[in-house]
Amino acid sequence: MGEAERGESAPRTRISFWCANKHETRPSFAAEAAVPETWDCPRCGFPAGQDELNPPAPARNEPYKTHLAYVRERRTDADGEAILAEALAKLRGEI
């Protein structure tokens, strides 16, 4: 009943996408619409591609880093010891 009131629907095409977990998703697109290279899998959320044998790799999430982790990336242990020694000397009134 609703379709007759709206007229004819646009021609559609269904495209298969596969994620790294081998889930198949078949969204439909208008026949003249541009098909995206990737599509988010509705089951696991990984990106899915049109090549079943070579699906895109899931995005790698970096874990949360503390301030100390960032400092250790920029400084060596020797730098840390020198900074600590300087800070302790200031606290003791030696500098």
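1. Is glutamate 62 buried or exposed? Glutamate 62 is exposed, with a relative accessible area of 54%. Keep in mind that this is a predicted model.

2. Glutamate 62 has a charged partner. Its side chain meets that of arginine 60 in a salt bridge, at 2.9 Å from N to O. Arginine 60 is exposed too, because its relative accessibility of 70% is over 50%.

3. The structure holds three salt bridges. One of them joins lysine 65 to glutamate 73, with the closest N and O atoms 2.4 Å apart. Lysine 65 counts as partly exposed, at 28% relative accessibility. Glutamate 73 is exposed, at 52%.

4. Glutamate 86 also forms a salt bridge, with lysine 90 as its partner. Here the closest N and O atoms are 3.7 Å apart. Both residues sit in helix α3, four residues apart, so about one helical turn separates them. Glutamate 86 is partly exposed, with a relative accessible area of 42%. Lysine 90 counts as exposed, at 52%.

5. Now turn to the annotated site. UniProt, in an unreviewed entry, places a "binding site" feature at Cys19, His23, Cys41 and Cys44. These positions span 26 residues in sequence, yet no two of their C-alpha atoms lie more than 8.5 Å apart, so they gather at one spot.

6. Take cysteine 41. It is found in the loop between β5 (38-40) and β6 (47-49). Cysteine 41 is buried, because its relative accessible area of 5% is under 20%. Leaving aside neighbours within four places in sequence, cysteine 41 is in contact with Cys19, His23, Thr25 and Phe46. Two of these, Cys19 and His23, are in the UniProt feature.

7. Cysteine 44 lies in the loop between β5 and β6. Cysteine 44 is partly exposed, at 29% relative accessibility. Not counting residues up to four places away in sequence, cysteine 44 touches Cys19, Asn21 and His23.

8. Histidine 23 is placed in the loop between β2 (17-19) and β3 (24-25). At 15% relative accessibility, histidine 23 counts as buried. Beyond its neighbours within four places in sequence, its contacts include Cys41 and Cys44. Phe17, Trp18 and Arg43 are in contact with histidine 23 as well.

9. Last, look past the helix. Glycine 93 is in the segment after α3 (77-92). Glycine 93 is exposed, with a relative accessible area of 59%. From C-alpha to C-alpha, glycine 93 and histidine 67 are 28 Å apart in space, and they are 26 residues apart in sequence.

Methods:
Residues are numbered from 1 along each chain as its sequence is written. This is a predicted model: local features need pLDDT of at least 70, side-chain atom pairs count only at pLDDT 80 or more; totals for chains, interfaces and linings use all residues. Side-chain values use heavy atoms; hydrogens and water are left out. UniProt positions are given in the numbering used here, feature names are shortened, and annotations may be inferred rather than shown by experiment. Helices (H or I, at least four residues) and strands (E, at least two) are DSSP runs, numbered from the N terminus. Buried means under 20% relative accessible area, exposed over 50%, partly exposed in between (1.4 Å probe, protein chains only). Contact means heavy atoms within 4.5 Å. A salt bridge is a side-chain nitrogen of Lys or Arg within 4 Å of a carboxyl oxygen of Asp or Glu.
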